[in-house]
Amino acid sequence: MIVAGCFLVTVCTRAVTRCISIFFVEFQTYFGEDYARTAWIHSIADCTTMLCAPLGSYVSNHFSCQVGIMLGGLLASTGLILSSFATSLEYLYLTLGILTGLGFALCYSPAIAMVGKYFNERRALANGIAMSGSGIGTFVLAPVVQLLIEQFSWRGALLIMGGFVSNLCVCGALMRPIAIKEKNRHSQEVLKEKYASDPELRDEKQTSACSPLPEDCNHKSLCYCSQKEYHFLLMPEFIILATSFLFLAYGCSPPFVYLVPYALSVGVSNQEAAFLMSILGAVDIVGNITFGWLTDRRFLKKYRLTCYLIAVGLDGMSCLFLPILRSFALLVPFSVTFGYFDGAYVALIPVVTADAVGTTYLSSALGVIFFLHAIPYLVSPPIAGWLLDTTESYTGVFLLSGFSMILCSMLLCFARLVKKIKRAHLNSNAADSDPKQKSWTNGDLTLAGTRA
């Protein structure tokens, strides 16, 4: 049920966000605006979703995942319904961008974190199945949204999507961590018995217990719990991983926003352009599940990070070839390649994060990582729109996107190489410095070894 709930959450959040690009040409034509101003709608929605991800983690940790997702569903549905009455782009910035994005933020990271907490041995596969909702949703919703626009105009399509997204409330009802609550309750009872019998432990109560529902926490213990909850921010491995996400987030957004407009500019019909998004979504599913299954195998479990950076690098390389693909037959292979590797690395993001910080802090770590996605998601489509308005060509848009993703992969590869060299150097030093030899060597040598 947890996997099913997260699957439906990704359908109603990430797939719907991707389908906003189908409204791009409709908004541009109706309001008579340029590419850059119209692209802000998608940017603000993505940015708000990621910027407010720590808020979703906070609500999930201190109240419940059910409360967060159901509240988010109400906000997102309200935002889409209000967007159907838009009279200007600024109105859409507020409703479709901020309000809907805030609702998605309360749903997305808590749902993914729940999967990470419930699964250990098959975590990558469970994440792959759950997050394949993004691809399946895109595959189904892209042609449906195009059909709704043709039948009911973009206003009617947004109204219907608002009703569809309200199903997030049902998804939230599935998120019932009964076993975890019982475990926490049992551990708290054990701690209370220890505190009652040992005065020293009683004095240290505020520095030893961080309950997800701190009903009896005073100000000091609450501050300590918050500090402990985010202590992973100082881990070098997490810092490097988080930095790489900045480049990844910048590179992955423009292809989703500008694939349909680019296809229309080279003579592809509206239905075929929407079908490209469907193909991308369908292959995204294959990438989610196959990479999740493969990286759960024993011989690949130790190389999850390597598989992740390979997927990101190949996804970036596929963007470099997009400007020379100028027909529907040539754009289909791009949708297949980009969709597959996009699904592959998306499924591995929670996995490599859990490997870096552990499952205890996974919800908070995902909140921080999605928060870091916010600024690149905000600025990348408008920058791409500015390049398009300036050069009147999509070449710079897709080249910048591809090189940004490749840089993300190279940064992780370089960090992994440095870590291996440092580990080999430490092992070499440990082998050279034998403790038995230090017992009879002179004091200067012993002091130097101590300082090292």
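**Helix packing and a pocket in a predicted model**

Reader: At what angle do helix α13 and helix α16 pack, and how far apart are their axes?

Author: In this predicted model, the pair consists of α13, residues 236-265, and α16, residues 328-357. Two packed helices are described by the angle between their axes and the distance between the axes. Here the helices pack at about 155 degrees, and their axes are 12 Å apart.

Reader: Are α13 and α16 roughly parallel or roughly antiparallel, and in which hand do they cross?

Author: α13 passes α16 in a left-handed crossing. Angles over 145 degrees count as roughly antiparallel. The angle between the two is about 155 degrees, and α13 and α16 are therefore roughly antiparallel.

Reader: How many nonpolar residues does the contact of α13 with α16 have?

Author: On α13, the contact residues include Phe238, Leu241, Phe245 and Glu237. Those of α16 include Phe334, Phe338, Ile349 and Asp342. By class, the contact has two charged residues, two polar ones and 18 nonpolar.

Reader: Which element gives the largest share of the lining of the second largest pocket?

Author: This pocket has a volume of about 550 Å³. Among the 19 residues lining the pocket, Glu237, Leu305, Ala415, Arg416 and Lys419 are the closest to its centre. Two or more lining residues come from each of α13, α15 (304-320), α16 and α19 (395-432). The largest share, eight residues, comes from α19.

Reader: How many charged residues does the lining of the second largest pocket have?

Author: Asp, Glu, Lys and Arg count as charged. By class, the lining has no polar residues, nine nonpolar ones and 10 charged.

Technical notes: Residues numbered from 1 in each chain as written. Predicted model: local features only at pLDDT ≥ 70, side-chain atom pairs only at ≥ 80, totals over all residues. Heavy atoms only, no water. Axes fitted to C-alpha atoms, helices over the stretch in contact; angles between N-to-C directions. Helix = DSSP H or I, 4+ residues; strand = E, 2+ residues; numbered from the N terminus. Parallel < 35°, antiparallel > 145°, perpendicular 65-115°, else oblique. Left-handed = near helix turned anticlockwise from the far one by under 90°. Contact = heavy atoms within 4.5 Å. 1 Å grid on protein atoms, 1.4 Å probe; cavity = no way out; pocket = protein on both sides within 12 Å on 5 of 7 lines; lining within 4 Å. Points joined across faces, edges and corners; volume = space filled by probe spheres on them.
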